[in-house]
Amino acid sequence: MKFFDILRTANHNLFRNKVRTMLTVIAIFVGSFTIILNVAINTGVNSFIDEQTASLGGDNFIMLMPSGSSEMASSMVASSEPVEFVEKKTGETEVGAFSDEDIEKLKQIDGIDADSFYSPAPLSGTGYYASDKTDKKYEIQNLMILPPGNFKIPLAAGELVDQNEEAKKKNQVVLAPGYREALGYETDEDIIGQTITIGIKNEILDKWTAIDVEVVGVEASGIVSSSMGTLISHAVYDALADAVYEGYPSEYRDNQPNYYIMATYDTNRFSEDEIKQAIADAGYEAWTVSDMMGMIRTFFDAIMIVFTIFGSIALLAAAIGIINTLLMSVEERTREIGLDKALGMSSGRVFTEFAVEAISLGFWGSAFGVVVAMFIGTLANSAVHAPGGFLAELPTFNLFEFTASNIIPFMIIIMFIAFLAGTIPAWKAAHKNPIDALRYE
Amino acid sequence: MEQPVIEVKNLVKVYGKRSTAFTALKKINLEIQKGESVAVIGKSGSGKSTLMHLLALLDRPTEGNVIVDGIDSTKLKTKQLNTLRNDDFGFVFQQFFMNPQDTVLENVTLPLKIAGKRRKERRELAMKALRTVGLADRAKFKANDLSGGQKQRVCIARAIVNNPKILFADEPTGNLDSTTGEKVIKLLFGLQKKGVTLIIVTHDEDLAKMCDRQVRISDGKVTEDSASQSKTSTKKPKKSTTKTKTAKNQTAKGEN
Ligand SMILES: Nc1ncnc2c1ncn2[C@@H]1O[C@H](COP(=O)(O)OP(=O)(O)OP(=O)(O)O)[C@@H](O)[C@H]1O
Ligand SMILES: [Mg+2]
């Protein structure tokens, strides 16, 4: 009851001088608008990066490579455009591969989980994709089975290749971004459920085998998703491997070179730098999640720091505005305060009334800031994802992301700043001597 | 002997500091009994309002003590002081002191709002007080839109809305015509019959005569006190002389 009275009184007093209140609210609005947009970008970028990190298997992911193969790895990070297939006579160039000894040595490194070792064994023979919709053929990318574990690959359409035993027998693929259009389909949805052909060459027998596969999903463009290449079901892998290795000695098929190994390490005991150092000491190279994400994060962090500084300056100005507004209000209402105190109002309550006024100013300013920011952010999100927009290629990347968990704490912080600004005038009001205040003209 | 509701000892009030210092009250001693009506009279600037503010614990004396119901006011906690003013005291200020932008009703309910009473109860009590002063029909008016006399009556309504034990009234009839003035006087003495102690600052000799006791102030000193049991500043101040009874009859003395 009493609290309600205080709230009513505070808002009533704010309404008395509408213009001044509004100007103060606008000042807070400008600051909070800038910062909330920034917070929303921060959330948007981070959730996108987290999504991308999850597609790598999480923060503890590490990619192990023979020394000197970073160049190869970096080519996997940059999204490669579909390359038109032209039949070549020469075999592929051999990149450094891990020997069995190398793998044993890597497994001995402290902190790396030996059980997590997974080498995707890409089928890197000569091959192509083809569809009924186009005469052109396109060179195959990495063809790999989805690694077991916690991989969340963002999809633009469809589903991931099923992992259960029954589904492993179906010929299913998830295409890497870009191929849908190359293969002649209008939208990502159009190609789902369609059958395309994967052709692969057996180098010894100089024989081509074509396998029909169903497209069950299309990967969303991301920053790292291209490293996944085309995801294939076990059935497709087996069929392709049978074709590629026909005529080879069976040991050859079983001892395919490992060009890189995906593994996890103990993040509790080792920092990224420490584990990389340990691996370098053993004579290998490693890429961590930060290596893949670092550049992007650094870029956005820099932008966000700049915006936060702007927003903070604006908020500082707003806080001074609050102090000024309320000081004027204290001055104007000196006699009223004197009367309240003469009639037995406690200093604490006078303080509270002014503090609540300040908090109300903070509330309205930040609430308007949030509403307008959400409106503009939503417009901007659809603008950057529209065809030709700068994020059109990254459909899962929401530039501005507004969530209760970024808005509510933000508003509380603004109201707290407003409260802090309000304490100066509130203190001044609370400590007036009733009679002196009443005599004030 | 009954304990006085308010007792002041060697009360001194100095306004300002150093070169601008002005002693408005010079060693005032006074005892006010429960249920008494006391008129404080004196020339303009003699210190009547100053004394009333000190008696009502609105201001702190420079020296001396104000003892309410046997308790030294300096010993009271701020919270007790606030409660005392809010529950037991009623004030009519010389300059009204209303919130001009609020309605008459809001002005009258203010003490109850501060007391934390419920809205419904606040309204009922305030309307009752307004009826008593004959202004129930003006409840919704802006306080600013009232005539001087009406404002004064609103202030009286505000002062009595909390059923005070002691009513302090600084010139309660100052702005009223004789008919309205009489009504207000009737109202005040009606309250006294119910046991309310009245402390009235006035220029109105008639009103002063109607009171049980007249205390004349001049130049910050009590120069005349109609009450026989009361000490005046004409006596040399003694230490702890509460029990001393000096029979003294309306001795008007000049300077001392
Ligand atoms: N805040 C103050 N600062 C300085 N001097 C003051 C202050 N308040 C009152 N005084 C002085 O104290 C003296 C007594 O003032 P007070 O208001 O008590 O007079 P009063 O007897 O009520 O007069 P009136 O009948 O005109 O209301 C006056 O001379 C006045 O100038
Ligand atoms: Mg006066």
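**Figure 1. Crossing of helices H12 and H13 of chain A in the predicted model.** Helix H12(A) passes helix H13(A) in a right-handed crossing. The contact between H12(A) and H13(A) involves 21 nonpolar residues and five polar ones, with no charged residue taking part. H12 of chain A spans residues 347–385 and H13 of chain A spans residues 404–430. The two pack at an angle of about 145°, and their axes lie 7 Å apart.

**Figure 2. The open six-stranded sheet of chain B.** The strands follow the order E6-E7-E8-E3-E9-E10, with mixed pairing. Strand E6 (89–92) and strand E10 (221–225) of chain B form the edges, each pairing on one side only. On average, neighbouring strands of this sheet are turned by 20° against each other, direction ignored. In general, the strands of a sheet pair through backbone hydrogen bonds, in either a parallel or an antiparallel manner.

**Figure 3. Pairing of strands E9 and E10 in chain B.** Strand E9 of chain B comprises residues 213–218 and is joined to E10(B) by four bridges. The two strands run antiparallel. Within this pair, B:Val215 is found opposite B:Asp225 of E10(B).

**Figure 4. Helices H5 and H6 lying across strands of chain B.** Helix H5 of chain B, residues 148–160, lies across E6 and strand E7 (166–170) of chain B. The direction of H5(B) is at about 170° to E6(B). Helix H6 of chain B, residues 178–193, lies across strand E3 (37–42), E7 and strand E8 (197–201) of chain B. H6(B) runs at about 150° to E8(B).

Definitions and conventions
Residues are numbered from 1 along each chain as its sequence is written. Chains are lettered from A and ligands numbered from 1 in the order in which they are written. This is a predicted model: local features need pLDDT of at least 70, side-chain atom pairs count only at pLDDT 80 or more; totals for chains, interfaces and linings use all residues. Side-chain values use heavy atoms; hydrogens and water are left out. Two strands pair if DSSP finds at least two bridges between them. Axes are lines fitted to C-alpha atoms, for helices over the stretch in contact, and angles run from 0 to 180 degrees between N-to-C directions. Contact means heavy atoms within 4.5 Å. A crossing is left-handed if the near helix is turned anticlockwise from the far one by less than a right angle, and right-handed if clockwise. Ala, Val, Leu, Ile, Met, Phe, Trp, Tyr, Cys and Pro count as nonpolar, Asp, Glu, Lys and Arg as charged, and the others, Gly among them, as polar.
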